[in-house]
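Here's a quick walk through this model, taken piece by piece. Keep the structure open as you read.

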Amino acid sequence: MFEPLHDEPDRREGDHRHVLVRGGQVLVRVEHTSVRSLTTDEARSLLGDEPGEVVLGRLDGVTYWVSSLPDHIEFDDRHHLEGLRGLHGRLADHEWNIGGRATQILDWYRDNQFCGRCGGPMSRASGERAMRCPVDGHTAYPRLSPAIIVLVEREDGRALLGRSGRWDTPMYSTLAGFVEPGETLEEAVQREVFEEVGVRVGDIGYVASQPWPFPNSLMLGFTARWVSGDIRVDGVEIADAQWFAPDDLPSIPGKLSIARRLIDGWISRRGTRP
Ligand SMILES: [Zn+2]
């Protein structure tokens, strides 16, 4: 389990790894077909003596740090700079998740240098991940935006998948949307499905979650059952939506996404595999 650290540990003790971030992209070390975060020596060769701007936490005895990689720092072809979406599946899962923490926390520090109440400079609070104003005590914590993602199943065993109007690819996926203030997760599932495809759902069950750092989101995965209504899409946010049978699927998201996990769960419940 990842143990978040808010106060700096001794930099000379134990193993350390470094996530370097430039413009929302992550610098990784290339090794054959995979990539990984940098060791302290590797980070030092790019950033100088004391790499590690913000400590993130510890996993399996390794302490992870994040630093911004200034624009003027050059790196050779043993390194590669890329957004996290593109690194999904190439970085080890635990490092990809740490990369998500790294980019979000660095952005959050950047965006909370000044107090939202009095405009004065904020400083890092000790013992917690927070920025605090020394004048009026205003405290800012990293914020997450919860989003629901749902696989809707009909009584004939078909599942409702939609194609986003924003995607270039003809891929179909489960429906998703952000939770609004004052809403329960169950209400968010019902509202999003109705808004996107005009279908009423019930029997909502939680399945699993996935951090989704694009930016600051947490995807909460659900299943639901069709109650009433025919599919009606606006053609903009959702370009098309259909009821699919497990043995007649369109192009669907890749293995590491929670959308795929929901789809695979439905397929195995139906007893068929594509
Ligand atoms: Zn203030």
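This is a predicted model: local features need pLDDT of at least 70, side-chain atom pairs count only at pLDDT 80 or more; totals for chains, interfaces and linings use all residues.

## Helix α5

Residues are numbered from 1 along each chain as its sequence is written.

Helix α5 covers residues 258–270, and its end C-alpha atoms are 18 Å apart, which agrees with the 18 Å its 13 residues should span at 1.5 Å a residue. (The expected span is 1.5 Å times one less than the number of residues; helices are DSSP runs of H or I, at least four residues, strands are runs of E, at least two, and both are numbered from the N terminus.)

Ile258, Ala259, Leu262, Ile263 and Trp266 of α5 are buried, meaning 20 or more other C-beta atoms, placed from the backbone, lie within 10 Å of a residue's own. Seen down the axis, the buried residues of α5 fall within an arc of 150°, so they line one face of the helix; the arc is that of the directions from the helix axis to the C-beta atoms.

## Two domains

The domain assignment gives domain 1 (3–111) and domain 2 (145–270); such bounds come from an automatic or database assignment. Their C-alpha centres lie 33 Å apart.

Nine residues of domain 1 are in contact with seven of domain 2 (C-beta atoms, placed from the backbone, within 7 Å). On the domain 1 side, α3 gives the most, with five residues.

Key: A residue is buried if 20 or more other C-beta atoms lie within 10 Å of its own, exposed if 12 or fewer, and partly exposed in between; C-beta atoms are placed from the backbone. Two residues are in contact if their C-beta atoms, placed from the backbone, lie within 7 Å.
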